[in-house]
Amino acid sequence: DWTVGQILQKLDDHNLTENTLIIVTSDNGSDERFIGEQHQHDANYIYRGQKSDAWDGGHRVPFLARWPKRIPAGSRSDALLCLTDFMATVAAIVEEPLPKNVAEDSYNLLPAFTGESPARPIRDAIVHHSVNGTFAIRQGDWKLIYAKGSGGWSLSEEEAPDDAPWQLYNMKQGVREQKNLYHEYPEIVEQLDALLQTYKTAGTSRR
């Protein structure tokens, strides 16, 4: 907080605040093996897992953006976003079109920043990747994880329950990722799997 405050103060001192975009975020969830155990601090809040995992504790991070000239003060957005979206967002800010083979998984976040309400979500889905190579994909409220365990340091495949080969969660109804719905919604599993295979074949997720 102190370091960010220094930067913001310098912008004020040089009258650059109004038209400067400041983003504060993180590249992954916290490593609970150190922060949680040593400091008794739930750095990943209520979310399951930690850095390295396919669960949201490994991927969901804070994202704060300030740009007084363009972003309404105190506004919030529920849009799904990924740090890969920085490239397309900055390109849009400087009005530089991206070639099709550049930043192929990046989407322009400006509509979410400025409070616009596009007819469809900015991005169709987000692809997750854990430390051991496990993929997961989220589209809307649904998230499919291609493993029985965490894909990382929290829960190995050998320690995980054997009732389903993969995990499916409704992130609106169960953001803690506790109830695996894999057997209950095979059509959602098929839909998400097909989308990920489409991305792999195309080599891009940007439409």
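A: A salt bridge is a side-chain nitrogen of Lys or Arg within 4 Å of a carboxyl oxygen of Asp or Glu. Please keep in mind that this is a predicted model.

Q: How far apart are the closest N and O atoms of K143 and E177?

A: They are 3.0 Å apart, and K143 and E177 form a salt bridge. K143 belongs to strand β5, whereas E177 sits in the loop between β6 and α5, so the pair ties together parts 34 residues apart in sequence.

Q: Is K143 buried or exposed?

A: K143 counts as buried because its relative accessibility is 0%, the cut-off for buried being under 20%. E177 also has 0% relative accessibility and therefore counts as buried.

Q: Which residues are linked with K143 and E177 in a network?

A: D56 and R60 are linked with K143 and E177 in a network of salt bridges.

Q: How many salt bridges does a search of the whole structure find?

A: The search finds six salt bridges. One of them joins the side chains of R123 and D85, at 2.7 Å from N to O. This pair links distant parts of the chain, 38 residues apart: R123 is in the loop between α4 and β3, and D85 is in the loop between β2 (63-66) and α3.

Q: Are R123 and D85 buried or exposed?

A: Both R123 and D85 are buried.

Q: What about R120 and D124?

A: Their side chains meet in a salt bridge, with 2.9 Å from N to O. R120 has a relative accessible area of 46%, so R120 is partly exposed. D124 also counts as partly exposed, because its relative accessibility is 23%.

Q: Turning to the sheet, what is the order of its strands?

A: The order is β3-β4-β5-β6, in an open sheet of four strands with antiparallel pairing. The edges are β3 (126-129) and β6 (167-170); each has a single partner strand, so one side of each is left without a neighbour in the sheet. From one strand to the next, the twist averages 15°.

Q: Which helix packs on the sheet?

A: Helix α5, residues 186-202, packs on the sheet and touches β3, β4, β5 and β6. The direction of α5 makes about 110° with that of β4.

Q: How many bridges join β4 to β5?

A: Four bridges join strand β4 (residues 135-139) to strand β5 (residues 142-145), and the two run antiparallel. Within β5, K143 is the bridge partner of R138.

Q: Now the backbone. What is the phi of E177?

A: Phi of E177 is near 55°, a positive value in a residue other than glycine. E95 likewise has a positive phi of about 55° although E95 is not a glycine.

Q: Where does E95 lie?

A: E95 lies in the loop between α3 (86-93) and α4 (110-114). E95 counts as exposed because its relative accessibility is 69%, with exposed meaning over 50%.

Q: Which residue just after α1 takes a positive phi?

A: N15 does, with a phi of about 55°.

Q: And what span should α1 have?

A: Helix α1 (residues 2-13) has twelve residues, so at 1.5 Å a residue α1 should span 16 Å. The end C-alpha atoms of α1 are 16 Å apart, which agrees with that expectation.

Definitions and conventions. Residues numbered from 1 in each chain as written. Predicted model: local features only at pLDDT ≥ 70, side-chain atom pairs only at ≥ 80, totals over all residues. Heavy atoms only, no water. Pairing = 2+ DSSP bridges. Axes fitted to C-alpha atoms, helices over the stretch in contact; angles between N-to-C directions. Contact = heavy atoms within 4.5 Å. Expected span 1.5 Å × (residues − 1). Buried < 20%, exposed > 50% of the residue type's maximum accessible area, 1.4 Å probe, protein only.
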